[in-house]
Amino acid sequence: MMGAPVVEKTTAWDVLQADACLQFYPWRDLVFESWGKGQPPYYNPYQLAGVPFLANSQSAGFYPLHIIAGLSHLPTPTAVSLLAWFHLFWAAFGIFRLSKRFGASDAGALLGGISFALSPFMLGWTGLASVITTVAWIPWVLLYCLPGDRRALLKLAGCTAMMVLAGHLQFVALGGMAAVVVLASSAIQTKRFPIAIIGLV
């Protein structure tokens, strides 16, 4: 009696790329489609017998740039590509600004920004859009944790809100922990309370 035929695996399987195609793309498509109809994306009718869509933070249904893309009726492939390029640029610009704030030269800050945006981490996670969308805001959060900007609190609140709305809560937590470290080190260095550093008092 012959056994079952052996099927050889001839192509590599990348689970991240599979998630990008089978999970994140449909989520973004549903978000854009809902906002295109002028409706918040509260509900996902395509999974199981229907699930609350916003219960999944990575749907990022209220991320402002997703709302704009949906209301603009951009095709999903175009919107996803433009958002990926924008967030890579935004991450690079954030590192550039943060590096300058720490005293780097223009060339050093530019190299730092480009190196971060084109790092294997950022490029490798581009398909899982909530990762780079969230991480792109972390340099900006850290920038406004540093002393020297009279409107730092307002800017910090805005950048933190964008980071949270971007949807990847693991990286939100990491960004938050980094912000605490920067605030604490600034407080020690300046001998001021952290709340004073960001301009509340």
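How many helices and strands are there in the protein? This predicted model has 10 helices and 2 strands. Reading from the N terminus, the elements follow the order α-β-β-α-α-α-α-α-α-α-α-α. The protein has 201 residues, and 39% of them count as buried. If you look at contacts between residues at least 6 apart in sequence, 61% join residues at least 24 apart.

| Helix | Residues | Number of residues | End-to-end C-alpha distance | Expected span |
|---|---|---|---|---|
| H9 | 169–190 | 22 residues | 31 Å | 32 Å |

The buried residues of H8 are Ala152, Leu156, Cys159, Met162, Met163 and Ala166. These residues lie on the same side of H8, because they cover an arc of only 130° around the axis. What do the buried residues of H8 pack against? Their partners are helix H2 (64–71), H6, helix H7 (138–143) and H9. Just after H8 comes Gly167, which takes a positive phi of about 110°.

Helix H9 reaches 31 Å from its first C-alpha to its last, close to the 32 Å expected. Its buried residues are Phe171, Val172, Gly175, Ala179, Val182, Leu183, Ser186 and Ala187. They cover an arc of only 150° around the axis, so they sit on the same side of H9. And which exposed residues does the face turned away from the buried side of H9 carry? You will find Gln170, Met177, Val180, Val181 and Ile188 there.

Finally, a look at open space. Rolling a probe the size of a water molecule over the atoms shows where empty space is left. The largest pocket holds about 170 Å³ of space. Its lining is made up of 15 residues, and those nearest the centre of the pocket are Arg28, Val80, Thr126, Gly127 and Ala129. Helix H1 (15–36), helix H3 (76–101) and helix H6 (129–135) are the elements that each give two or more residues to this lining. The largest share, 5 residues, comes from H1. By class, the lining of the largest pocket has 9 nonpolar, 5 polar and 1 charged residues. Helix H6 is a handy landmark when you view the model: H6 contributes to the lining of the largest pocket, and the buried residues of H8 pack against H6.

Note on methods
Residues numbered from 1 in each chain as written. Predicted model: local features only at pLDDT ≥ 70, side-chain atom pairs only at ≥ 80, totals over all residues. Heavy atoms only, no water. 1 Å grid on protein atoms, 1.4 Å probe; cavity = no way out; pocket = protein on both sides within 12 Å on 5 of 7 lines; lining within 4 Å. Points joined across faces, edges and corners; volume = space filled by probe spheres on them. Helix = DSSP H or I, 4+ residues; strand = E, 2+ residues; numbered from the N terminus. Nonpolar A, V, L, I, M, F, W, Y, C, P; charged D, E, K, R; others polar. Expected span 1.5 Å × (residues − 1). Buried < 20%, exposed > 50% of the residue type's maximum accessible area, 1.4 Å probe, protein only. Arc of directions from axis to C-beta. Contact = heavy atoms within 4.5 Å.
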